[in-house]
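Start with the overall view, then follow the charges.

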Amino acid sequence: MSLLAPEVHAALGQLLKGLQAADNVERTQAEEQLNSEWVANRPEILLMGLSEQIQGQEDPSTRSFSAVLFRRIATRARKDPTSGQTKDLFLTLIPPERNAIRAKLLHCLATETLPYVRNKIGDAVAEIARQYTEEGEPWPELLGALFTASQSGDPGQRESAFRIFATTPGIIEKQHEDTVIAAFTRGFKDDDVSVRIAAMEAFASFFRSINKKSQPKYYALIPEILNILPPIKEAGDAEQLTKALISLIELAEVAPKMFKPLFNNLVMFSVSVIQDKDLGDQARQNALELMATFADYNPQMCRKDPTYTNDMVTQCLSLMTDVGIDDDDAEEWNASEDLDIDESDMNHVAGEQCMDRLANKLGGQAILPPTFNWLPRMMTSSAWRDRHAALMAISAISEGCRDLMIGELDKVLDLVLPALRDPHPRVRWAGCNALGQMSTDFAGTMQEKYHQVVLPNIIPVLESAEPRVQAHAAAALVNFCEEAEKTVLEPYLDQLLSHLLLLLQSPKRFVQEQALSTIATVADSAEAAFSRYYDTLMPLLFNVLREEQSKEYRLLRAKAMECATLIALAVGKERMGQDAIALVNVLGTVQQNITDADDPQASYLLHCWGRMCRVLGQDFLPYLPAVIPPLTELAGAKADIQLLDDEEQVAQVEQEDGWELVPLKGKVIGIKTSTLDDKHMAIELIVIYAQVLEAAFEPYVNDIMDKIALPGLAFFFHDPVRVASAKCVPQLLNAYKKAHGPQSTQLGQLWERTVERVLEVLSTEPAIDTLAEMYQCFYECVEVIGKNCLTSTHMRTFVDSAKSVLEDYQERVKTRLEEQAETEDGEEQSEETLFAIEDDQNLLSDMNKAFHTIFKNQGTTFLPHWELLLNYYNMAVVNADPTQRQWAICIFDDVLEFCGPQSWNYSPHIIQPLVDGMRDDVPANRQAAVYGVGVAAHKGGEAWSNFVSASLPMLFQVTQRPNARDDDDVFATENACASIAKVLHYNSSKVGNVQEIVAAWIETLPVTNDEEAAPYAYSFLAQLIDQQNPAVMSQAAKCFTFIVQALEAETLQGQTASRIVGAAKQLVTIAGLDANQLLANLPPETQQTVRAFFG
């Protein structure tokens, strides 16, 4: 029976009719009435009315629409009349109203017979259940109703129960596992396939929601789950198989090892699905995705499986041949000018992407043998699709197999290069693709060792008859040239540019656009060598830019602007002459004529202005008034965020480019990322202007700091905006300092409001990698402002935030160790974990630099604040994690360096870590410790003299390690050499056998890597030469050679180098050395470098 009066239902019926009306005006009026009369004034009547409409209406579409509307209204935000808190609308109703509505809703669910209507009612029930669960409030009748439904004689009711569990797994999270297992087991064995699938989806959702420690209780259900699959495949039900595989993918992401006992069975089943063309592409690709997911999350299990790697490589290559169907001669492909067509759902793309993941996760040792078992045969096949697939496979695996393939590049190129002359255009295209990818993945080696085979083979492809092949060859050249040294490119410039100039005359616009991009890259890499082509190219580009052109030519003009400004950067202001100002004026004209929001010239133009600022320097100032306003408008953009209430809105936004959808408490938030990308780019360009123009940028600093950079630090919708803002703040401070002077009132006022905001984000930044950038922003700001720029309050705030960051860091480390303890032998850490560790290491490193900068600028005034963190350092120096030990020792080094004799007050905390650090097997920690001993000798004064002299044996031991001169260890060795020199120079009175030590110290030279250690070591050597120390005189030739080695390695420069060269000349004279004879033993380049010093 109805609880509401008939007139209420009559009014509601009219409202529902209006909301579904085809007429826009009528529908808008109904929406206004819904919001103003029903939602605002009587939401409890509205929700009860809708639930009664669901129950009582004969028309199923009205019942369905009422359920959808109920869910939408129930999730709206509303202030709770009793508490004043904002909650979901349903939860703001008084308990008796809620109880009546939810009872009615459950009744509707139990009695509805049409599946599509029941599903909508189920969604509404799940939404209310979510609200109760998240609020921690009970809904005791729900669980009973769902368990009853899961055992109903009606399969639709059983499916509905599992659908609700899938949407809101929190309902059953707190139930005893035996009850949950029994319910799912019944579902997995249900007679109806739809129920079995719904049970799988519900289990996947539930399993993802429980904590890691609870998961193993449910591993035993895997055999039951996998038994669901074969009958669906036998029946050829591709749609249900697709759903089942998606659930398995979700489970494999969370706990791949629970499949271990049956993994080979699952591999064989999945391979049989991938092979079965009758099942359709979606099911086959989902089976492939399932297997790739195991590679992503448990590569070790995949490597150990006897058939996984071979079968997967074979299936990927097979899918990759599924290309160009019904277009054997590539006529359609050739005619198409849409180069960005989305092919992500095609089999050949799925195969390529899977090969890429397998190579990255399993590595070359696993992937290369089965792949190269096929590739040579495929490359000689008469079928062009086989040859195409082989080349695309090389593109796909080169990044992941880099370490092994880099030594075999000549063999790989022997396969690839002939394809550039293949009769089929798509094979030539794939050959270009492989070369382009290899140029990036083997950057450096490809350019240095193989330019003489790559460039002569790919440049002629620019003459191909097919425009798409021409464009792709030019694109591959971008990859090759942007990683090439100018000396490599110079001999090929004539040939390259003559071909690219011909492409500029192509009738196809996309070819012209690509040619311009390639010319721009060549100019960027060739630098000054490009100068001789300037007179040919620049007039052509000016022609393109000055011509009145229609809309379709806008991208071509944008590329011409990019090309012209990159050439300007390459050749410089002097070479351009009057063209520099002419180009800026042309850019100004283009800017004035931009009227459409989607004109690509606008974003290109912003970068072009930035380049011309770098070319012209201070001469660019007259153009700033035109350039800065559109830039600051973009940089100051607000986030475009929409709350999407229903599936229709979500689907509509999904169709548009440049949106990111974020689920949040049963709703979906849409964030327009394209606006945020532009905002990020604009702030990055502001950084360039501030860097280049410095004091001249002053008029814009205050406005940009207050409206863009400082608010940008807390712009939580987009990490890159916060990072760019963090780069911007110190550059703006520097520009202001250059304009007003370091001691000016103006700079002081700007710093006062800046430092508060920068310190604030050190406590509020949520992303670890971005937090590291915020610390970098802080220490760069302090470096700009200089000595004593921080008050006691600032330093205390900094230490408080650092304390909080360190606590969070320790918690993350603890969690990782617990997770690692649960992993099986040989199981690798996930990529996510490795990235998290790397982010933490970067964070500690940037925090260290912040502490270093504060000590450097504040000296001993920072000590009372810093010592509040001593407990963290004491824990870190004995930690098993070498990163933490290094972090603590580096901070102690700063205390020694910048607090002088006062550092002795902390000696009980510092001495043992330095001693242990000198013996540490991790080279970076040894380096930090030996550096600390040297600093104590140099800056610590009398108090430290006994410790540093007693450390000499340990310093020598560091230099005498078996691998002391290896790449990893050499910096620790050279720092030990410099520290011994400091002890002998500053504390010789405490060294008993100085002459013996000096003689031994000479054997620790040379210092040819560390530019900071070298001046100390060689200055001491020069001092010994001045004193005509016997240890030096008896080994004069060796000492001279050590000096020569440092000069050649450029670890000695400027005045230090001049002083040491003077000492070396003195040594030659006093010891009667034949310098020419000593130099004759060295390579010719070294001789040339050193003779330049000695004159």
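**From surface to salt bridges**

The accessible surface of the chain comes to about 47500 Å², and carbon and sulfur atoms hold 49% of that surface. Areas here follow the Shrake-Rupley method with a 1.4 Å probe, and for residues only the protein chains shown count as cover. The model is predicted: local features need pLDDT of at least 70, side-chain atom pairs count only at pLDDT 80 or more, and totals for chains, interfaces and linings use all residues. Residues are numbered from 1 along each chain as its sequence is written, and side-chain values use heavy atoms, with hydrogens and water left out.

Now the overall build. The C-alpha atoms fill a box of roughly 115 × 75 × 65 Å along the principal axes. The secondary structure comprises 58 helices and five strands. These are DSSP runs numbered from the N terminus: helices are H or I with at least four residues, strands are E with at least two. Of the 1095 residues, 53% are buried. Buried means under 20% relative accessible area, exposed means over 50%, and partly exposed lies in between (1.4 Å probe, protein chains only). Among contacts with a separation of 6 or more, 72% join residues 24 or more positions apart. A contact is a pair of heavy atoms within 4.5 Å.

Next, charge. The chain carries 91 positive and 154 negative side chains. Lys and Arg count as positive, Asp and Glu as negative; His and the chain ends are not counted. The centres of the two sets lie 3 Å apart. Each charge is placed at NZ of Lys, CZ of Arg, CG of Asp or CD of Glu.

Where does a negative surface patch form? Look at Glu807, Asp808, Glu811, Glu818, Glu819, Glu822 and Glu832. Patch residues have over 30% relative accessible area and no salt bridge, with like charges joined within 9 Å. Helix H42 (residues 792-822) gives the most to this patch, with six residues. Asp808 lies in helix H42. Its relative accessible area is 43%, so Asp808 is partly exposed.

Turn to the pairs. Side chains of opposite charge can pair when their charged atoms come close. A search of the whole structure finds 49 salt bridges. Each needs a side-chain nitrogen of Lys or Arg within 4 Å of a carboxyl oxygen of Asp or Glu.

One of them joins Glu31 and Arg72, with the closest N and O atoms 3.5 Å apart. Glu31 lies in helix H2 (residues 24-39) and Arg72 in helix H4 (residues 60-74), so the pair ties together parts 41 residues apart in sequence. Glu31 is partly exposed at 27% relative accessible area, whereas Arg72 is buried at 14%.

Arg387 and Asp422 meet in another salt bridge, at 2.7 Å from N to O. This pair links distant parts of the chain, 35 residues apart. Arg387 sits in helix H22 (residues 384-397), and Asp422 in the loop between helix H24 (409-416) and helix H25 (425-441). Arg387 is buried at 9% relative accessibility. Asp422 is buried at 11%.

Further along, Arg926 bridges to Asp969, the closest N and O atoms being 2.6 Å apart. Arg926 belongs to helix H48 (residues 923-939), while Asp969 is in the loop between helix H50 (952-959) and helix H51 (970-986). The two are 43 residues apart. Arg926 is buried at 1% relative accessibility, and Asp969 is buried at 12%.

Finally, a network. Salt bridges with shared partners join Lys551, Arg554, Asp596, Asp598 and Asp599.

Key: Patches are made of residues with over 30% relative accessible area and no salt bridge: like charges are joined within 9 Å, nonpolar side chains (Val, Leu, Ile, Met, Phe, Trp, Tyr) within 5 Å.
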